[in-house]
Amino acid sequence: MNIQNSLAYRLLRDYVTYVIFVAVTIFFAVAAPNFATLATVGAILRITAIVSVIAIGMTFVIISAEIDLSVGSVASFSGMILALLLDAGVPSWLGAIITLLMGAAIGACNGLLVTRLKIPSFLVTLGMLSIFSGAALTVTNTMPVPIVEDGINNVLWNGSLLGIAAPVWWTLLVVVAGFYLLHVSLFGRRVLAVGGNALAANFSGINVNRTKVLAFVLSGSTAALAGMMLAARSTAGNPSLGSGLELDVIAAVIIGGTSLFGGYGTIIGSVIGAIFIGIIGFGLLVMGFSTSVQEIIKGAIIILAVSVNRR
């Protein structure tokens with residue numbers, strides 16, 4: 001029997017990331033004191049909510065064979081805008097809607113620059129990363145803007161419902177919406193087709209450019225939501241809150257099984273990838289490693305997980 005055609009080999013090949021995920025979790029449960037508790041599960045789900053929410057939007061972009069490096073700076077900028085709107089007396093619900101629409105508009109701008117001007121998404125979103133990092137620092141002269149209204153802080157981060165923390169509820173909401181859009185709706189099938197073979201998708205009648213723009217809109221919207229959650233967590237809009245988030249987000253999506261070259265990916269996989277990164281960080285923290293050593297070990301484990309899961 002050819003080993004490469006065996007069911008066990010194919011299962012191991014397709015789900016090797018999850019095998020590493022389970023192995024790392026078991027290691028921390030054994031090696032780290034008090035790691036294997038329900039409190040730890042709740043803490044990890046809470047601290048990974050930000051990356052999970054953005055990763056769901058990023059999944060659509062990467063499946064469509066593009067990349068969005070601007071999500072971290074868009075999250076920072078969105079938190080600042082929400083804080084400024086609330087400071088100006090705008091009702092919290094209206095401020096949240098305006099911030100979400102702004103994130104969607106930034107995503108649309110990214111998508112239009114990529115599809116209309118034929119500029120690689122890597123370059124467009126790298127430029128946007130710089131623009132919105134600078135904008136977040138400029139709008140308040142690098143000073144954080146406090147959010148004194150407890151209502152929106154509770155809704156987005158500090159509150160809970162049925163014993164489940166608010167950020168976990170937001171993650172679940174975005175997961176359900178993302179799962180429907182990617183795996184049930186016609187739009188999801190179009191995204192997969194565009195990422196798999198854009199030329200064939202175009203010949204089959206799919207509007208490739210519009211599909212990619214909508215994928216960027218989803219990425220910008222989830223980055224804006226995550227930015228508001230970050231602002232609620234720290235009760236202030238801070239220009240550096242989302243700095244570096246894009247790296248964890250992209251790693252989460254790829255670890256979750258989405259092809260970096262487009263055409264394949266799952267919403268659940270991306271969330272599991274985000275949780276995987278959270279478990280590594282939390283486990284190393286509980287074991288007493290310094291922040292610098294945590295980053296080295298976490299980076300090595302992520303490279304290992306991604307390298308064995310290339311498609």
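Helices H5, H6 and H12 each contribute at least two residues to the lining of the largest cavity in this structure, which is a predicted model. That cavity has a volume of about 30 Å³, while the largest pocket holds about 520 Å³ of space.

**The largest cavity**

- The structure holds one cavity of 30 Å³ or more, and its lining is made up of Asp68, Ser70, Val71, Val74, Ile106, Gly107, Asn110, Phe216, Ser219, Gly220 and Ala223.
- Helix H12 gives the largest share of this lining, namely four residues.

**The largest pocket**

- The lining of the largest pocket consists of 21 residues, and those that lie nearest its centre are Ile47, Val51, Arg233, Asp248 and Lys298.
- Two or more lining residues come from each of H4, H12, H13, helix H14 (267-286) and helix H15 (291-307).
- Among the contributors to the pocket lining, H14 provides the largest share, with six residues.

**Helix H8 and Trp157**

- In helix H8, which spans residues 150-158, the residues Ile152, Asn153, Leu156 and Trp157 are buried.
- Viewed down the axis of H8, the buried residues fall within an arc of 100 degrees, and therefore they line one face of the helix.
- The cover over these buried residues of H8 includes helix H3 (38-47), helix H4 (49-63), helix H5 (71-87), helix H6 (92-116), helix H9 (166-184) and helix H12 (208-234).
- Trp157, one of the buried residues of H8, has the charged end of Arg233 sitting over its ring, 5.5 Å from the ring centre; Arg233 is also one of the residues that lie nearest the centre of the largest pocket.
- Across the whole structure, a search for aromatic pairs finds three of them.

- Glu246 is placed in helix H13, which covers residues 245-255, and it counts as buried because its relative accessibility is 11%, where the cut-off for buried is under 20%.
- When neighbours within four places in sequence are left aside, the contacts of Glu246 are Leu69, Val71, Gly72, Ser73 and Leu129; of these, Val71 is also found in the lining of the largest cavity.
- Ala226 belongs to helix H12 and, with a relative accessibility of 0%, counts as buried.
- Although Ala226 and Gly72 are 154 residues apart along the chain, their C-alpha atoms are separated by 9.2 Å; Gly72 is likewise among the residues in contact with Glu246.
- Apart from neighbours within four places in sequence, Ala226 is in contact with Ile50, Val53 and Ile54.

- Tyr18 is found in helix H2, residues 16-31, and its relative accessibility of 25% makes it count as partly exposed.
- Tyr18 and Gly256 are 238 residues apart in sequence, yet the C-alpha to C-alpha separation in space is 8.4 Å.
- Not counting residues up to four places away in sequence, Tyr18 touches Gly256, Gly269 and Ile272.
- Leu38, which is found in helix H3, counts as exposed at 77% relative accessibility.
- Leu38 and Val194 are 156 residues apart in sequence, and the C-alpha atoms of this pair are 41 Å apart in space.

**Positive phi values in loops**

- Lys118 has a phi near 60 degrees, which is a positive value in a residue other than glycine.
- The position of Lys118 is in the loop between H6 and helix H7 (121-138), and at 59% relative accessibility Lys118 counts as exposed, because the cut-off for that class is over 50%.
- Leu162, also not a glycine, has a positive phi of about 55 degrees.
- The loop that holds Leu162 runs between strand S2 (160-161) and strand S3 (164-165), and Leu162 is exposed there, with a relative accessible area of 75%.

Conventions. Residues numbered from 1 in each chain as written. Predicted model: local features only at pLDDT ≥ 70, side-chain atom pairs only at ≥ 80, totals over all residues. Heavy atoms only, no water. Buried < 20%, exposed > 50% of the residue type's maximum accessible area, 1.4 Å probe, protein only. Contact = heavy atoms within 4.5 Å. Arc of directions from axis to C-beta. Phe/Tyr/Trp six-rings, centres within 6.5 Å; stacked < 30°, edge-to-face > 60°. Lys NZ or Arg CZ within 6 Å of the ring centre and 35° of its normal. 1 Å grid on protein atoms, 1.4 Å probe; cavity = no way out; pocket = protein on both sides within 12 Å on 5 of 7 lines; lining within 4 Å. Points joined across faces, edges and corners; volume = space filled by probe spheres on them.
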